[in-house]
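Subject: Structure handover

Dear colleague,

Here is the structure for you to look over. My notes on what was found in it follow below.

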Amino acid sequence: MTIKIQNILMSLLLTTSFAAPTCFGQSPNRADAPAEMKWNLADIYPSWDAWKADLQKVTTLADEIQTLQGKLGQSSDNLLRSLQINEEINKLSYKLYCYPTLSRSVDSRNQETNSYFMQVLGFFQQLGTATSWVTPEMVTIPESTVMKWIDSNKAYAPYRFGLTELYRTQKHVLSSDQEKLLSYFGLATGAPSNIYTELATSDIKFPDITLSDGSTVKLTPGTYHQITQFNKNREDRRNAYERYNGVYMANLNTFAAILNGVFQGDWAGAQARNYESFLQASLDPDDIPTDVYLNLINTARENTAPLLRYYELRKKVLKVDTLQSWDNALNLSSFEKKYSYDEARNIIKEALKPLGKEYGAKLEKAMANGWIDVYEGEGKEQGAYSMGVYGVHPFILMNYNETLDHVSTLAHELGHSMHTTLSHENQPFSNAAYSSFVAEVASNFNEDLLADYLMNKTTNREEKINLLEQSIVQLIGSFYRQSQFADFEYQARTMVEKGEGLNAGTLKAISAGISKSYYGDVVADNPYRDLVWAQVMHFYQMKYYVYQYATSYAAAAHLEQKITSGTAKEKEEALQKYLTLLKSGGNDHPIEQLKKAGVDMTNPEVIKSVVTRLNRLLDQLEAELKAAGKI
Ligand SMILES: [Zn+2]
């Protein structure tokens, strides 16, 4: 229960997608935008002086907690007081951290802001060291004593879940001597991840390619995706695909050796802490059963029929005998539409109406009161995210470029912000932060509602085809693709845990086996297809993480079906359960929270909701393509 920067960072819910190409002229700029379209950071602090005053306050609180050192177990009051002070420190720390962080996000050129940001990081470092005794001392108090204290004093209620968790996770904490020994190896076992970053970002050199129209393009992840998505010349796409993936191919043995190093280090750590597998070690902090993981990868692999149906359909539209990897991303429709920010707001408001009046009112407030920094500007951070500040409100960063992709991103980030708002309003600080396992449910849910709303509304066939395709691509990217990755990670790590080392050959073989079960013979094989493990940063840095994109997508699809179908009474019940989930923050293990909302993540039926959704979208797409004479 020391200050954990990573907990603060957890509330930063980033949306990373490849920059969607702007197909229309310049979008509005931040400099010209009215104040309501920029963050009102005065909601956190009116001035840097107020920020400094809180920094002083935390210093005083930290001094107060020091007076309790060696005395936590002496009485129920002492422990309670330490928890209360700790909570106050954490609450203020969020504000202290978020104020300079958000200021920097909208203008990284401001040196004053940058220096405050560095100051707060240094301060947290000191604070962490000064309070590092708190958790180890707490767990020396017998669990039964603490449970008695909790039961006999209502003031302990906000801390019950956290304290229970503390004792549950203690089982895998070693003696202080052993922990010390392990800590000596921390930097060394982390080295392969850093080597990956250097090789895959700093040292990577993509070539220039010449396209069929004679133009030369420098390949980057952005231009590569632009070519494979929009360039109608098949040779250009093949050229881009081979040259881009060829860069990874050239370093394949090095990537394999690094991945082997990462997985071996993780397995050593899991064994040292008496876990049966690294999967168990990874899922333990949120108490997620390993069955949830296995259910996902098995059910996804057994239900690829609609995926193959989609690729067969693409084959017909593109009029090719064999579908190649470089044909997979090409847009089937060239429909383009511009959405002003005002239009985007209205569309989202209408699309999210199934979530009820209470949600709608909060949404309206979020979109009108300096919660969203809308437009791109000089010195402003790229991408999009939602950051919650307890006791204030969430802030959304956008770089809105008027494309459909960005309307969807806004709905996504608003999903996070509404989740945060409802959690913060209904939970004490200690239980307000939700886990990453449930985080993407709220955002995916909103994206699905938006897509369905737009599809039902349009009367333009090309627009409908475009919307259906975008929804399908989103579903495949979030669910099937991530399930494939999760499958790969599980198989590769299992090999390591059985004592079999990994190399480029074995990794390619695992990947090829998965491709075979997902694509059959519908998408042709090629020498570059099964090298994707060299490109997915998560395998090297965010271990056993990607599966959550797929489980969240499935949970959202399942909930959306319940809320939008059945009798009025059934819909209302499902909605209330969903809102309860959003209001529950982190007051229980995520699997239990979802169960209360009517979603059992160990049940294959939940995963199959995605199959139902994809089949429904494909039925519509097929009908529209037929009517348009494209198939
Ligand atoms: Zn997100």
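**Leucine 72 and its surroundings**

Leucine 72 is in contact with Asn78, Leu79, Ser82, Glu137, Met138 and Ile141, leaving aside its neighbours within four places in sequence; two residues are in contact if their C-beta atoms, placed from the backbone, lie within 7 Å. This is a predicted model, in which local features need pLDDT of at least 70 and side-chain atom pairs count only at pLDDT 80 or more, while totals for chains, interfaces and linings use all residues. Residues are numbered from 1 along each chain as its sequence is written.

Leucine 72 sits in the loop between α2 and α3 (76-106). Helices (H or I, at least four residues) and strands (E, at least two) are DSSP runs, numbered from the N terminus. With 22 other C-beta atoms within 10 Å, leucine 72 is buried. The cut-offs are these: a residue is buried if 20 or more other C-beta atoms lie within 10 Å of its own, exposed if 12 or fewer, and partly exposed in between, with C-beta atoms placed from the backbone. Between the C-alpha atoms of leucine 72 and valine 546 there are 40 Å, and the two residues are 474 residues apart along the chain.

**The protein as a whole**

The secondary structure comes to 26 helices and six strands. The C-alpha trace spans about 80 × 60 × 55 Å along its principal axes. The radius of gyration is 25 Å, which agrees with the value near 25 Å that a compact globule of 631 residues would have. That radius is taken over C-alpha atoms, and the globule rule is 2.2 Å times the number of residues to the power 0.38. Of the 631 residues, 36% count as buried. Among contacts with a separation of 6 or more, 77% are between residues 24 or more positions apart.

The domain assignment gives domain 1 (39-173) and domain 2 (186-332 + 478-547); such bounds come from an automatic or database domain assignment. The C-alpha centres of domain 1 and domain 2 lie 39 Å apart.

**Two helix pairs**

Helix α2 (residues 48-66) packs with helix α4 (residues 111-130) at an angle of about 10 degrees, and their axes are 11 Å apart. Axes are lines fitted to C-alpha atoms, for helices over the stretch in contact, and angles run from 0 to 180 degrees between N-to-C directions. The angle makes α2 roughly parallel to α4. Angles under 35 degrees count as roughly parallel, over 145 as roughly antiparallel, 65 to 115 as roughly perpendicular and the rest as oblique. On the α2 side the contact is made by Trp48, Leu55, Ala62 and Gln66, and on the α4 side by Tyr116, Phe123, Leu127 and Ala130. The residues of this contact of α2 with α4 divide into seven nonpolar, one polar and no charged. Here Ala, Val, Leu, Ile, Met, Phe, Trp, Tyr, Cys and Pro count as nonpolar, Asp, Glu, Lys and Arg as charged, and the others, Gly among them, as polar.

The other pair is helix α23 (residues 547-564) and helix α24 (residues 568-583), with an angle of about 140 degrees and axes 7 Å apart. That makes α23 oblique to α24. Leu559, Lys562, Ile563 and Thr564 in α23 meet Lys571, Ala574, Leu575 and Tyr578 in α24. The residues of the contact of α23 with α24 divide into five nonpolar, one polar and two charged.

**Positive phi values**

Most residues other than glycine have a negative phi. Lysine 319 has a positive phi, near 55 degrees. Lysine 319 is in the loop between α15 (305-318) and α16 (341-351), and counts as exposed, with 8 C-beta neighbours inside 10 Å. Glutamate 402 has a positive phi near 70 degrees. Glutamate 402 is in the loop between β6 (395-397) and α18 (404-426), and is buried, with 22 other C-beta atoms within 10 Å.

**Two further residues**

Glutamate 447 lies in helix α19 (residues 436-457) and is buried, with 26 other C-beta atoms within 10 Å. Leaving aside neighbours within four places in sequence, glutamate 447 is in contact with Ser408, Ala411, His412 and Gln474.

Valine 392 is in the loop between β5 (384-387) and β6. With 17 C-beta neighbours inside 10 Å, valine 392 counts as partly exposed. Not counting residues up to four places away in sequence, valine 392 touches Asp43, Ile44 and Lys95.

Regards
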